[in-house]
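Thank you all for coming. Please take a moment to look at the sequence and the model before I start talking about them.

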Amino acid sequence: MSKTKLALKTFDVESIRKDFPILKRRIFGKPLVYLDNSATAQKPQVVIDAMTDYYTNYNANVHRGIHKLSEEATHAYEEAHEKVAKFINGSFEEIIFTKGTTESLNLVAYSLGKALKPGDEVVITEMEHHSNIVPWQQVCKEKGAALKFIGIAEDGKLDWNSINSQITKKTKIVSLTHVSNVLGTINPIKEIGKVAHENNAIFIVDAAQSVPRMRVDVKDLDADFLAFSGHKMYGPTGIGVLYGKKNILQDMSPFLYGGDMIKEVKFHESRWNDLPWKFEAGTPNIEQGIGLGVAIDYINSIGIENIEEHERELTKHAMKVLEEVPLVTIYGPDAESRSSVVAFNFDNVHAHDVATILDREGIAVRAGHHCAMPLMSVLNIIASVRASFAIYNTKEEIDKLAASLATVRKVFKL
Ligand code: C6P
(Lines give C-alpha, C1' and ligand atoms only; values in the text may rest on other atoms or scores of the structure.)
Protein backbone atom coordinates (compact mmCIF):
# COMPACT_ATOMS: atom_id res chain seq x y z
CA MET A 1 0.00 0.00 0.00
CA SER A 2 1.46 3.34 -0.97
CA LYS A 3 1.54 6.20 1.48
CA THR A 4 1.15 9.85 0.57
CA LYS A 5 3.72 12.09 2.19
CA LEU A 6 3.28 15.78 1.61
CA ALA A 7 5.88 18.30 2.64
CA LEU A 8 4.79 21.70 3.94
CA LYS A 9 4.74 24.16 1.03
CA THR A 10 5.27 27.87 1.03
CA PHE A 11 2.14 29.48 -0.37
CA ASP A 12 2.66 29.91 -4.07
CA VAL A 13 -0.56 30.00 -6.05
CA GLU A 14 1.13 29.20 -9.36
CA SER A 15 2.65 25.99 -8.03
CA ILE A 16 -0.63 25.13 -6.24
CA ARG A 17 -2.47 25.47 -9.56
CA LYS A 18 -0.21 22.82 -11.05
CA ASP A 19 -1.52 20.34 -8.46
CA PHE A 20 -5.02 20.54 -10.00
CA PRO A 21 -5.10 18.92 -13.46
CA ILE A 22 -8.56 20.26 -14.32
CA LEU A 23 -7.26 23.84 -14.26
CA LYS A 24 -5.53 23.15 -17.59
CA ARG A 25 -8.93 22.81 -19.29
CA ARG A 26 -10.27 25.29 -21.74
CA ILE A 27 -13.97 26.04 -21.86
CA PHE A 28 -15.34 27.41 -25.16
CA GLY A 29 -11.72 28.01 -26.12
CA LYS A 30 -10.98 30.10 -23.00
CA PRO A 31 -8.94 29.09 -19.95
CA LEU A 32 -11.18 27.72 -17.21
CA VAL A 33 -11.85 30.22 -14.42
CA TYR A 34 -13.44 28.08 -11.75
CA LEU A 35 -15.34 30.25 -9.27
CA ASP A 36 -17.90 27.72 -8.06
CA ASN A 37 -15.96 26.39 -5.10
CA SER A 38 -18.78 26.65 -2.58
CA ALA A 39 -20.65 24.09 -4.69
CA THR A 40 -17.63 21.79 -4.92
CA ALA A 41 -13.89 22.28 -5.04
CA GLN A 42 -11.53 20.77 -7.62
CA LYS A 43 -9.30 17.83 -6.70
CA PRO A 44 -5.51 17.83 -6.57
CA GLN A 45 -3.65 15.00 -8.31
CA VAL A 46 -2.63 13.44 -4.96
CA VAL A 47 -6.29 12.86 -4.07
CA ILE A 48 -7.07 11.40 -7.50
CA ASP A 49 -3.98 9.18 -7.25
CA ALA A 50 -4.87 7.96 -3.75
CA MET A 51 -8.24 6.71 -4.95
CA THR A 52 -6.76 5.03 -8.03
CA ASP A 53 -4.12 3.47 -5.77
CA TYR A 54 -6.81 1.94 -3.55
CA TYR A 55 -8.57 0.29 -6.51
CA THR A 56 -5.32 -0.68 -8.20
CA ASN A 57 -3.45 -2.09 -5.23
CA TYR A 58 -5.56 -2.87 -2.16
CA ASN A 59 -9.27 -2.86 -3.00
CA ALA A 60 -11.09 -4.88 -0.30
CA ASN A 61 -13.90 -4.41 2.18
CA VAL A 62 -13.05 -2.99 5.61
CA HIS A 63 -13.52 -4.54 9.06
CA ARG A 64 -14.42 -7.90 7.51
CA GLY A 65 -11.72 -9.85 5.68
CA ILE A 66 -8.97 -11.74 7.50
CA HIS A 67 -6.60 -11.12 4.65
CA LYS A 68 -3.84 -8.70 3.78
CA LEU A 69 -5.85 -6.54 1.35
CA SER A 70 -8.66 -6.06 3.83
CA GLU A 71 -6.16 -5.23 6.57
CA GLU A 72 -4.59 -2.59 4.36
CA ALA A 73 -7.95 -1.11 3.34
CA THR A 74 -9.11 -1.09 6.98
CA HIS A 75 -5.91 0.59 8.08
CA ALA A 76 -6.20 3.32 5.41
CA TYR A 77 -9.91 3.89 6.11
CA GLU A 78 -9.36 4.13 9.86
CA GLU A 79 -6.32 6.34 9.38
CA ALA A 80 -8.57 8.75 7.44
CA HIS A 81 -10.82 9.01 10.53
CA GLU A 82 -7.73 9.80 12.60
CA LYS A 83 -6.65 12.53 10.18
CA VAL A 84 -10.10 14.13 10.33
CA ALA A 85 -10.12 13.90 14.15
CA LYS A 86 -6.77 15.66 14.37
CA PHE A 87 -7.80 18.28 11.79
CA ILE A 88 -10.80 19.47 13.83
CA ASN A 89 -9.40 18.56 17.28
CA GLY A 90 -11.87 15.76 18.01
CA SER A 91 -11.08 12.17 18.92
CA PHE A 92 -11.21 9.11 16.64
CA GLU A 93 -14.42 7.75 18.24
CA GLU A 94 -16.18 11.05 17.58
CA ILE A 95 -15.69 11.00 13.78
CA ILE A 96 -18.49 9.37 11.79
CA PHE A 97 -18.11 9.15 8.04
CA THR A 98 -21.31 9.90 6.11
CA LYS A 99 -22.15 10.72 2.51
CA GLY A 100 -21.85 14.46 3.14
CA THR A 101 -23.14 17.36 5.22
CA THR A 102 -26.71 16.61 4.20
CA GLU A 103 -26.56 13.05 5.49
CA SER A 104 -24.73 14.18 8.65
CA LEU A 105 -27.48 16.69 9.46
CA ASN A 106 -30.22 14.17 8.65
CA LEU A 107 -28.54 11.62 10.91
CA VAL A 108 -28.43 13.99 13.84
CA ALA A 109 -31.93 15.39 13.23
CA TYR A 110 -33.43 11.90 12.99
CA SER A 111 -31.63 10.57 16.05
CA LEU A 112 -32.08 13.60 18.32
CA GLY A 113 -35.54 14.31 16.93
CA LYS A 114 -36.87 11.13 18.55
CA ALA A 115 -36.61 12.79 21.97
CA LEU A 116 -38.53 15.96 21.00
CA LYS A 117 -41.95 16.55 22.54
CA PRO A 118 -44.84 18.95 21.81
CA GLY A 119 -43.90 22.39 23.10
CA ASP A 120 -40.15 21.85 22.53
CA GLU A 121 -38.40 24.24 20.18
CA VAL A 122 -35.65 23.87 17.58
CA VAL A 123 -33.84 27.07 16.61
CA ILE A 124 -32.08 27.59 13.28
CA THR A 125 -31.40 30.76 11.27
CA GLU A 126 -32.84 32.44 8.20
CA MET A 127 -29.57 31.88 6.32
CA GLU A 128 -29.50 28.07 6.44
CA HIS A 129 -28.94 25.77 3.51
CA HIS A 130 -31.95 23.49 2.86
CA SER A 131 -30.08 20.59 4.46
CA ASN A 132 -30.23 22.40 7.80
CA ILE A 133 -33.90 23.37 7.39
CA VAL A 134 -35.85 20.49 5.86
CA PRO A 135 -34.77 17.72 8.31
CA TRP A 136 -35.79 19.95 11.24
CA GLN A 137 -39.10 20.84 9.59
CA GLN A 138 -39.84 17.14 9.30
CA VAL A 139 -38.91 16.13 12.86
CA CYS A 140 -40.71 19.15 14.33
CA LYS A 141 -43.87 18.26 12.37
CA GLU A 142 -43.72 14.65 13.54
CA LYS A 143 -43.16 15.56 17.18
CA GLY A 144 -45.32 18.68 17.45
CA ALA A 145 -42.26 20.80 18.22
CA ALA A 146 -41.84 24.39 16.95
CA LEU A 147 -39.18 25.47 14.47
CA LYS A 148 -37.91 28.99 15.13
CA PHE A 149 -35.58 31.21 13.11
CA ILE A 150 -32.90 33.67 14.13
CA GLY A 151 -33.26 36.71 11.89
CA ILE A 152 -30.72 38.56 9.80
CA ALA A 153 -29.89 42.24 10.34
CA GLU A 154 -29.53 44.81 7.55
CA ASP A 155 -25.76 44.27 7.44
CA GLY A 156 -26.13 40.59 6.50
CA LYS A 157 -25.11 39.35 9.94
CA LEU A 158 -27.28 37.49 12.44
CA ASP A 159 -29.33 39.78 14.63
CA TRP A 160 -28.23 39.46 18.28
CA ASN A 161 -31.64 40.58 19.57
CA SER A 162 -33.14 37.72 17.64
CA ILE A 163 -30.50 35.26 18.95
CA ASN A 164 -31.33 36.22 22.52
CA SER A 165 -35.09 36.17 22.03
CA GLN A 166 -35.34 32.95 20.00
CA ILE A 167 -33.12 30.76 22.19
CA THR A 168 -35.00 30.13 25.44
CA LYS A 169 -35.51 27.41 28.06
CA LYS A 170 -37.92 25.75 25.61
CA THR A 171 -35.11 25.34 23.06
CA LYS A 172 -33.82 21.78 22.82
CA ILE A 173 -31.65 22.14 19.72
CA VAL A 174 -29.79 25.07 18.13
CA SER A 175 -28.45 24.25 14.67
CA LEU A 176 -26.79 26.82 12.47
CA THR A 177 -24.32 27.39 9.72
CA HIS A 178 -20.82 28.59 10.51
CA VAL A 179 -20.54 30.34 7.13
CA SER A 180 -23.49 31.22 4.88
CA ASN A 181 -23.15 29.72 1.41
CA VAL A 182 -24.86 32.79 -0.06
CA LEU A 183 -23.97 35.82 2.06
CA GLY A 184 -20.58 34.49 3.09
CA THR A 185 -21.29 35.76 6.62
CA ILE A 186 -19.03 34.18 9.24
CA ASN A 187 -21.36 33.66 12.18
CA PRO A 188 -20.23 34.07 15.81
CA ILE A 189 -20.95 30.42 16.47
CA LYS A 190 -18.87 30.12 19.62
CA GLU A 191 -20.89 32.87 21.29
CA ILE A 192 -24.18 31.45 20.01
CA GLY A 193 -23.12 28.02 21.28
CA LYS A 194 -22.70 29.53 24.74
CA VAL A 195 -26.26 30.89 24.64
CA ALA A 196 -27.49 27.46 23.51
CA HIS A 197 -25.68 25.68 26.34
CA GLU A 198 -26.84 28.23 28.97
CA ASN A 199 -30.34 27.12 27.95
CA ASN A 200 -29.36 23.40 28.05
CA ALA A 201 -29.85 23.02 24.31
CA ILE A 202 -27.78 20.80 22.02
CA PHE A 203 -25.58 22.91 19.75
CA ILE A 204 -25.03 21.78 16.14
CA VAL A 205 -22.80 23.46 13.56
CA ASP A 206 -23.11 23.14 9.78
CA ALA A 207 -19.46 23.64 8.89
CA ALA A 208 -19.75 22.75 5.18
CA GLN A 209 -18.39 26.15 4.11
CA SER A 210 -15.95 26.77 6.97
CA VAL A 211 -13.90 23.58 7.45
CA PRO A 212 -12.32 23.88 3.95
CA ARG A 213 -11.03 27.39 4.57
CA MET A 214 -10.55 28.26 8.25
CA ARG A 215 -9.34 26.64 11.45
CA VAL A 216 -12.29 24.83 13.02
CA ASP A 217 -11.67 23.41 16.48
CA VAL A 218 -14.63 21.52 17.91
CA LYS A 219 -13.32 21.81 21.46
CA ASP A 220 -12.78 25.54 21.24
CA LEU A 221 -16.29 25.96 19.76
CA ASP A 222 -17.71 23.51 22.30
CA ALA A 223 -19.88 22.13 19.47
CA ASP A 224 -21.97 19.09 20.34
CA PHE A 225 -22.16 18.14 16.65
CA LEU A 226 -20.43 19.49 13.55
CA ALA A 227 -21.09 18.47 9.95
CA PHE A 228 -19.10 18.94 6.74
CA SER A 229 -18.47 17.48 3.27
CA GLY A 230 -15.29 16.08 1.74
CA HIS A 231 -15.95 17.41 -1.76
CA LYS A 232 -15.82 21.05 -0.70
CA MET A 233 -12.34 20.57 0.80
CA TYR A 234 -10.52 19.13 -2.23
CA GLY A 235 -11.66 15.60 -1.42
CA PRO A 236 -14.03 13.29 -3.30
CA THR A 237 -17.81 13.42 -3.43
CA GLY A 238 -19.76 10.80 -1.49
CA ILE A 239 -17.92 11.36 1.77
CA GLY A 240 -18.66 13.67 4.67
CA VAL A 241 -18.25 13.88 8.38
CA LEU A 242 -20.42 14.09 11.42
CA TYR A 243 -18.45 14.97 14.54
CA GLY A 244 -20.35 14.29 17.75
CA LYS A 245 -19.27 14.54 21.40
CA LYS A 246 -18.50 11.03 22.64
CA ASN A 247 -20.87 11.10 25.62
CA ILE A 248 -23.77 12.18 23.41
CA LEU A 249 -22.99 9.62 20.69
CA GLN A 250 -22.82 6.86 23.28
CA ASP A 251 -26.40 7.58 24.39
CA MET A 252 -27.74 8.25 20.88
CA SER A 253 -29.62 5.65 18.82
CA PRO A 254 -28.11 4.54 15.52
CA PHE A 255 -29.54 6.02 12.33
CA LEU A 256 -29.06 3.06 9.97
CA TYR A 257 -29.04 -0.57 10.98
CA GLY A 258 -27.20 -3.52 9.39
CA GLY A 259 -23.69 -4.85 8.95
CA ASP A 260 -20.66 -3.44 10.78
CA MET A 261 -22.66 -1.30 13.21
CA ILE A 262 -23.34 -4.28 15.52
CA LYS A 263 -21.33 -6.22 18.06
CA GLU A 264 -23.78 -9.10 18.33
CA VAL A 265 -27.03 -10.03 16.58
CA LYS A 266 -29.48 -12.59 17.98
CA PHE A 267 -32.82 -13.52 16.41
CA HIS A 268 -34.73 -10.84 18.29
CA GLU A 269 -32.17 -8.32 19.51
CA SER A 270 -28.80 -6.80 18.78
CA ARG A 271 -25.99 -4.94 20.54
CA TRP A 272 -24.31 -1.97 18.88
CA ASN A 273 -20.68 -1.72 17.87
CA ASP A 274 -18.20 0.72 19.46
CA LEU A 275 -17.98 4.30 18.27
CA PRO A 276 -17.74 5.46 15.55
CA TRP A 277 -18.82 2.24 13.76
CA LYS A 278 -22.19 2.20 15.57
CA PHE A 279 -23.15 4.98 13.14
CA GLU A 280 -21.53 3.56 9.99
CA ALA A 281 -23.81 0.72 8.87
CA GLY A 282 -22.99 -1.29 5.75
CA THR A 283 -19.97 -1.15 3.46
CA PRO A 284 -18.81 2.45 3.72
CA ASN A 285 -17.43 4.72 0.99
CA ILE A 286 -13.91 3.37 1.46
CA GLU A 287 -12.21 4.97 -1.51
CA GLN A 288 -13.79 8.33 -0.74
CA GLY A 289 -12.83 8.11 2.94
CA ILE A 290 -9.21 7.45 1.99
CA GLY A 291 -9.39 10.32 -0.52
CA LEU A 292 -10.68 12.66 2.18
CA GLY A 293 -7.73 11.72 4.40
CA VAL A 294 -5.32 12.65 1.61
CA ALA A 295 -7.23 15.91 0.97
CA ILE A 296 -6.58 16.77 4.61
CA ASP A 297 -2.88 15.94 4.16
CA TYR A 298 -2.94 18.27 1.17
CA ILE A 299 -4.59 21.12 3.11
CA ASN A 300 -2.11 20.60 5.96
CA SER A 301 0.80 20.74 3.52
CA ILE A 302 -0.33 24.22 2.48
CA GLY A 303 -1.51 25.29 5.93
CA ILE A 304 -5.12 26.16 6.70
CA GLU A 305 -4.06 29.62 7.93
CA ASN A 306 -2.37 30.28 4.55
CA ILE A 307 -5.54 29.18 2.78
CA GLU A 308 -7.66 31.47 4.94
CA GLU A 309 -5.34 34.41 4.32
CA HIS A 310 -5.20 33.82 0.54
CA GLU A 311 -8.98 33.55 0.27
CA ARG A 312 -9.46 36.64 2.46
CA GLU A 313 -7.31 38.63 0.02
CA LEU A 314 -9.31 37.26 -2.93
CA THR A 315 -12.61 38.12 -1.25
CA LYS A 316 -11.50 41.67 -0.45
CA HIS A 317 -10.38 42.08 -4.04
CA ALA A 318 -13.63 40.67 -5.43
CA MET A 319 -15.74 42.98 -3.27
CA LYS A 320 -13.67 45.97 -4.40
CA VAL A 321 -13.77 45.24 -8.13
CA LEU A 322 -17.41 44.15 -8.21
CA GLU A 323 -18.52 47.20 -6.21
CA GLU A 324 -16.93 49.33 -8.93
CA VAL A 325 -19.01 47.69 -11.68
CA PRO A 326 -22.14 49.81 -12.30
CA LEU A 327 -25.50 48.07 -11.77
CA VAL A 328 -24.08 45.33 -9.52
CA THR A 329 -25.78 44.67 -6.16
CA ILE A 330 -23.76 42.55 -3.72
CA TYR A 331 -25.52 40.70 -0.88
CA GLY A 332 -24.09 40.15 2.57
CA PRO A 333 -21.69 41.85 4.96
CA ASP A 334 -18.39 43.73 4.41
CA ALA A 335 -15.30 41.85 3.27
CA GLU A 336 -13.91 41.59 6.81
CA SER A 337 -16.95 39.72 8.09
CA ARG A 338 -17.35 37.28 5.24
CA SER A 339 -15.73 34.18 3.90
CA SER A 340 -14.88 33.46 0.25
CA VAL A 341 -18.37 33.91 -1.21
CA VAL A 342 -19.71 36.91 -3.14
CA ALA A 343 -23.31 36.68 -4.35
CA PHE A 344 -24.62 39.48 -6.53
CA ASN A 345 -27.14 40.52 -9.13
CA PHE A 346 -26.57 42.60 -12.22
CA ASP A 347 -29.34 45.15 -12.69
CA ASN A 348 -32.51 43.11 -13.25
CA VAL A 349 -30.90 40.53 -15.53
CA HIS A 350 -31.77 37.02 -14.40
CA ALA A 351 -28.85 35.32 -12.64
CA HIS A 352 -29.07 32.38 -15.05
CA ASP A 353 -28.55 34.70 -18.02
CA VAL A 354 -25.51 36.30 -16.37
CA ALA A 355 -24.04 32.87 -15.55
CA THR A 356 -24.62 31.63 -19.11
CA ILE A 357 -22.78 34.60 -20.58
CA LEU A 358 -19.93 34.17 -18.09
CA ASP A 359 -19.75 30.48 -18.98
CA ARG A 360 -19.04 31.40 -22.61
CA GLU A 361 -16.05 33.33 -21.26
CA GLY A 362 -14.82 30.18 -19.48
CA ILE A 363 -15.98 31.46 -16.07
CA ALA A 364 -17.87 28.97 -13.91
CA VAL A 365 -20.13 30.54 -11.27
CA ARG A 366 -23.31 29.33 -9.65
CA ALA A 367 -26.66 30.99 -10.31
CA GLY A 368 -29.99 30.36 -8.64
CA HIS A 369 -31.29 30.11 -5.08
CA HIS A 370 -28.20 28.21 -3.87
CA CYS A 371 -30.38 25.76 -1.91
CA ALA A 372 -31.36 28.59 0.44
CA MET A 373 -34.85 29.55 -0.71
CA PRO A 374 -36.01 31.06 2.61
CA LEU A 375 -32.98 33.36 2.52
CA MET A 376 -33.94 34.46 -1.01
CA SER A 377 -37.30 35.60 0.37
CA VAL A 378 -35.55 37.57 3.14
CA LEU A 379 -33.37 39.25 0.49
CA ASN A 380 -36.45 39.77 -1.65
CA ILE A 381 -34.87 38.16 -4.71
CA ILE A 382 -35.47 34.91 -6.56
CA ALA A 383 -31.87 34.18 -7.46
CA SER A 384 -28.35 35.55 -7.54
CA VAL A 385 -25.02 34.94 -9.23
CA ARG A 386 -22.41 33.56 -6.84
CA ALA A 387 -18.64 33.59 -7.17
CA SER A 388 -16.78 31.56 -4.57
CA PHE A 389 -13.05 31.12 -4.19
CA ALA A 390 -10.47 28.49 -3.31
CA ILE A 391 -6.72 28.12 -2.89
CA TYR A 392 -5.99 28.00 -6.62
CA ASN A 393 -7.87 31.18 -7.59
CA THR A 394 -6.10 34.42 -8.42
CA LYS A 395 -6.91 38.12 -8.44
CA GLU A 396 -6.52 38.05 -12.23
CA GLU A 397 -9.36 35.55 -12.46
CA ILE A 398 -11.57 37.85 -10.40
CA ASP A 399 -10.64 40.74 -12.69
CA LYS A 400 -11.77 38.59 -15.63
CA LEU A 401 -15.11 38.03 -13.90
CA ALA A 402 -15.60 41.77 -13.42
CA ALA A 403 -14.51 42.54 -16.98
CA SER A 404 -16.85 39.89 -18.41
CA LEU A 405 -19.81 41.66 -16.85
CA ALA A 406 -19.26 44.26 -19.60
CA THR A 407 -20.37 41.57 -22.08
CA VAL A 408 -23.57 41.11 -20.07
CA ARG A 409 -24.18 44.85 -20.23
CA LYS A 410 -23.62 44.81 -23.99
CA VAL A 411 -25.92 41.82 -24.61
CA PHE A 412 -28.72 43.34 -22.52
CA LYS A 413 -28.05 46.87 -23.80
CA LEU A 414 -27.84 48.29 -20.27
N1 C6P B 1 -23.86 23.85 -0.67
C2 C6P B 1 -23.64 25.19 -2.65
O3 C6P B 1 -23.51 25.34 -3.86
P4 C6P B 1 -23.72 18.52 0.63
O5 C6P B 1 -24.49 18.77 -0.62
O6 C6P B 1 -24.39 17.51 1.54
O7 C6P B 1 -22.28 18.21 0.40
O8 C6P B 1 -23.69 19.91 1.42
C9 C6P B 1 -24.87 20.54 1.80
C10 C6P B 1 -24.60 21.90 2.35
C11 C6P B 1 -24.88 22.15 3.67
N12 C6P B 1 -24.62 23.34 4.23
C13 C6P B 1 -24.07 24.35 3.53
C14 C6P B 1 -23.78 25.64 4.22
C15 C6P B 1 -23.77 24.16 2.19
O16 C6P B 1 -23.24 25.16 1.50
C17 C6P B 1 -24.06 22.92 1.57
C18 C6P B 1 -23.81 22.70 0.12
C19 C6P B 1 -23.54 23.79 -2.08
O20 C6P B 1 -23.83 26.14 -1.89
C21 C6P B 1 -24.35 22.81 -2.86
S22 C6P B 1 -26.07 23.10 -2.73
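This is a predicted model: local features need pLDDT of at least 70, side-chain atom pairs count only at pLDDT 80 or more; totals for chains, interfaces and linings use all residues.

**Salt bridges and the ligand site**

I begin with glutamate 313 and lysine 316, whose side chains meet in a salt bridge with 3.4 Å from N to O; by salt bridge I mean a side-chain nitrogen of Lys or Arg within 4 Å of a carboxyl oxygen of Asp or Glu. These two residues are separated by about one helical turn, because they are three residues apart in helix α11, residues 304-323. Helices (H or I, at least four residues) and strands (E, at least two) are DSSP runs, numbered from the N terminus. Glutamate 313 counts as partly exposed at 30% relative accessibility, and lysine 316 is also partly exposed, at 32%; here buried means under 20% relative accessible area, exposed over 50%, and partly exposed in between, with a 1.4 Å probe and protein chains only.

Residues are numbered from 1 along each chain as its sequence is written, and side-chain values use heavy atoms, with hydrogens and water left out.

Across the whole structure, a search finds 19 salt bridges. One of them joins lysine 30 to glutamate 361, with the closest N and O atoms 3.7 Å apart. That pair links distant parts of the chain, since lysine 30 lies in strand β2 (residues 30-31) and glutamate 361 in the loop between α12 (351-360) and β15 (363-364), 331 residues apart.

Another salt bridge is formed by aspartate 297 and lysine 83, whose closest N and O atoms are 2.8 Å apart. Here, too, distant parts of the chain are linked, with aspartate 297 in helix α10 (residues 286-302) and lysine 83 in helix α3 (residues 68-88), 214 residues apart. Is aspartate 297 buried or exposed? Aspartate 297 is buried, with a relative accessible area of 17%. There is also a network of salt bridges that links Asp222, Asp224 and Lys245.

Let me now turn to the ligand. It is surrounded by 18 residues, the closest being Thr102, Asp206, Gln209, Ser229 and Arg366, where a surrounding residue has a heavy atom within 4 Å of the ligand. An N or O atom in the side chain of threonine 102 is 2.5 Å from an oxygen atom of the ligand, and a polar side-chain atom of asparagine 181 lies 2.8 Å from a ligand oxygen atom.

Terms used. A polar contact is a pair of N or O atoms within 3.5 Å; within protein, one must be able to donate a hydrogen and the other to accept it, and residues adjacent in sequence count only if both atoms are side-chain atoms.
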